[in-house]
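Hi there,

Here is the structure I promised to pass along. My notes on it follow below.

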Amino acid sequence: MVYECRRQSILQLFEDKPRLNVCAPMVRYSKNAFREVLRDYNVDIAYTPMILADVFKSSEFARQDYTTNDRDCPVVVQFAAHDPIDLAHASQIIAPFADGIDLNCGCPQKWAYKEKIGAYLSDRPEIVHEMVRAVKAVVNIPCSVKIRKHPTNPHITVELVRRAQMMGVDWITIHGRTRHQKSTEPVDYDIIRLVKESVYVPVLANGGIFSLADANAMYDNTGVDGVMAARGLLQNPALFAGYEHTPLACVEKYVNCALAYGTPTSIMHHHIMYMMEATMSSVERRSFNCLTSTPAILDHLAHYYGVQCTLI
Ligand SMILES: Cc1cc2nc3c(=O)[nH]c(=O)nc-3n(C[C@H](O)[C@H](O)[C@H](O)COP(=O)(O)O)c2cc1C
């Protein structure tokens, strides 16, 4: 962990800026190097990948996976937890190095449901209530929940957000798909609008934001306070700055940050493949996909695109 972080009030941001651009939590991907690039392209808040609170609180090794610095602001650390005591403990450890804490109530994976974390909580307002209470009792930084649409009953979603709000949650993110839906299915504007109309805290809408036009459609249909993108930003970290495809300067900055932060080659490789999907021909993509070493990747970028990166 890096121990200095310029703190920025997310609550102030919500007051000052009517439409916030947010990078979603993404396991493996929304790490420090990627978050740093997003800040150049109009992203207001960036989330870390989901961190398991029980592992984080008890393992120094697990804690080393989270790094931040004074350029990584504001950053929201997302925890997955089932036990309020684990969550409170992990929140206490992270609070000096984060600008907000989020509780994952949306992870749809089977293993997570079995562990009673993620989307399991989207069905259980009473547990979320206890989780938010536990965080608020021990830290004084903003706290949010990221939920999914309930599979069958919108009233459960409304109850969940209202109870979270009652316990002092500072904003809510709603992904407008159920845990059973594919990410290619359209998001449900109605449930997002219902959540927005049911609470007084700010609401972020998540799902299917790949362009500024998508963001505008979300605002027009739901009246939310900000939008959160995941795959859209992986493909084009400059989307909120109005770029249709990832500019090369953005790729160059990402690679230099990844090298500086010691990002594993495989993760850097994946990021570049996502970012350059629209730029590379299928033949080039096939040969790029086969590269396995950092020097080979850097050579490719320099040779085809003149991208200059420094391997320290
Ligand atoms: C690679 C990847 C990793 C993800 N990891 C997380 C995570 O750690 N926590 C979380 O709440 N959601 C996670 N999600 C879900 C996204 O945050 C988001 O809710 C979902 O992708 C819908 O947004 P989109 O349509 O903009 O992609 C992940 C999604 C992707 C594609």
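This is a predicted model: local features need pLDDT of at least 70, side-chain atom pairs count only at pLDDT 80 or more; totals for chains, interfaces and linings use all residues.

Leu298 sits in helix α16, which spans residues 294-305; helices here are DSSP runs of H or I with at least four residues, strands are runs of E with at least two, and both are numbered from the N terminus. With a relative accessible area of 11%, Leu298 counts as buried. For that label and its relatives, buried is under 20% relative accessible area, exposed is over 50%, and partly exposed is in between, using a 1.4 Å probe and protein chains only.

Residues are numbered from 1 along each chain as its sequence is written, and side-chain values use heavy atoms, with hydrogens and water left out.

**The ligand**

The ligand is surrounded by 18 residues, and the closest are Gln78, Lys146, Asn206, Gly208 and Arg231; a residue is near a molecule if one of its heavy atoms lies within 4 Å of it. Which polar side-chain atoms lie by an oxygen atom of the ligand? Asn206 has one at 2.5 Å from a ligand oxygen, and His175 has one at 3.5 Å from a ligand oxygen. Gln78 instead places a polar side-chain atom 2.8 Å from a nitrogen atom of the ligand. Polar contacts are pairs of N or O atoms within 3.5 Å; within protein, one must be able to donate a hydrogen and the other to accept it, and residues adjacent in sequence count only if both atoms are side-chain atoms. On its own the ligand has 610 Å² of accessible area, and the protein covers 84% of this. Areas of this kind come from the Shrake-Rupley method with a 1.4 Å probe, and for residues only the protein chains shown count as cover.

**Salt bridges**

I count 16 salt bridges, taking one to be a side-chain nitrogen of Lys or Arg within 4 Å of a carboxyl oxygen of Asp or Glu. Lys149 and Asp188 form one of them, at 3.0 Å from N to O. Lys149 is in the loop between β6 (143-148) and α9 (154-166), and Asp188 is in the loop between β7 (171-175) and α10 (189-198), so this pair ties together parts that are 39 residues apart in sequence.

Another salt bridge pairs Glu159 with Arg163, with the closest N and O atoms 3.2 Å apart. These two are four residues apart in helix α9, so about one helical turn separates them. Glu159 is partly exposed at 36% relative accessibility, and Arg163 is partly exposed at 24%.

**Backbone**

Most residues other than glycine have a negative phi, and most peptide bonds are trans. A cis peptide bond runs from Cys73 to Pro74, with omega near -10°, and Pro74 is in the loop between α4 (60-63) and β4 (75-80). Asn42 has a positive phi, near 70°, and lies in the loop between α2 (32-39) and β2 (45-47). Lys116 has a positive phi too, near 65°, in the loop between α6 (110-114) and α7 (119-122). Asn42 is partly exposed at 38%, and Lys116 is partly exposed at 38%.

**Cysteines**

How many disulfides does the structure hold? It holds zero, with a disulfide taken as a pair of cysteine sulfur atoms within 2.5 Å. For Cys23, the nearest cysteine sulfur is that of Cys250, 12 Å away. Cys23 is buried, at 0% relative accessible area, whereas Cys290 is exposed, at 60%.

Happy browsing!
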